[in-house]
Amino acid sequence: SKLYIAMKNADADLYIYRGSARRATYVYALTELLNSHWVYNAANDINFTTQPSELPYPLKMLFRSAVSNADEVIVQTEKQSNVLYENYGRLGTVIPSGYHRAEEILPHKNGEYFLWVGRIEPEQKRPHLFLRLAENFPSEKFILIGTPQDKGYNNQIESSSKKLDNVCYLGRVEPDDIHSYYKNAKA
């Protein structure tokens, strides 16, 4: 596979994967073949709950091994750490998301718009649902910010947002500039 070739060519001492349980099993199996170190970084709560339970039995067992044998498991919250411990008997290292709470946030009733920030991808983040919400509330202002993941889907989102007078699609916004958008949002 292309992933195996890329990992073999990289010849890294350590491989880190962040994301779904299914893909984590593949990366873990390849690190075992390459005799490399492995770190799993959970992207959200479902990486330890829903996703593993939906895997076919062999992958479910492989995911359990991946988590058990990881040199480290990184989680974003204490809740994820607790779920990890309850389901897999090990503690994770909590590294919170890089965005801190704003010191001053307008009360929601004083906010200017509804804000959506995330990857522009159809399966997990689903910004098309945000646009549907905007379509149903034409008197409200909506701002959509995100990094495109798939050019075709991004073009659909961009095209759909242009048809709505109450939506502003900004694409990717630099992390240093994002705070002002959160600060002035209703939700």
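Select strand S1 (14-18), helix H2 (21-33), helix H3 (50-54), strand S5 (114-120), strand S6 (142-148) and helix H8 (175-183): each gives at least two residues to the lining of the largest pocket. Helices (H or I, at least four residues) and strands (E, at least two) are DSSP runs, numbered from the N terminus. This is a predicted model: local features need pLDDT of at least 70, side-chain atom pairs pLDDT 80 or more, while totals for chains, interfaces and linings use all residues. Numbering starts from 1 along each chain as its sequence is written, and side-chain values use heavy atoms, without hydrogens or water.

Stay at the pocket. The largest one holds about 1200 Å³ of space. Now pick Arg-18, Ala-43, Arg-119, Gln-124 and Lys-125, the closest to its centre of the 38 lining residues. A pocket is an open set of points on a 1 Å grid over the protein atoms alone, where a 1.4 Å probe fits, with protein on both sides within 12 Å along at least five of seven lines; lining residues have an atom within 4 Å of a point. The volume is the space filled by probe spheres set on the points, which are joined across faces, edges and corners.

Next, select Val-167, in strand S7 (residues 167-171). Buried or exposed? Val-167 is buried, at 12% relative accessible area; buried means under 20%, exposed over 50%, partly exposed in between (1.4 Å probe, protein chains only). Show Ile-143 too: its C-alpha is 5.7 Å from that of Val-167, though the two are 24 residues apart in sequence.

Finish at Trp-38 and Tyr-40. Both are buried.
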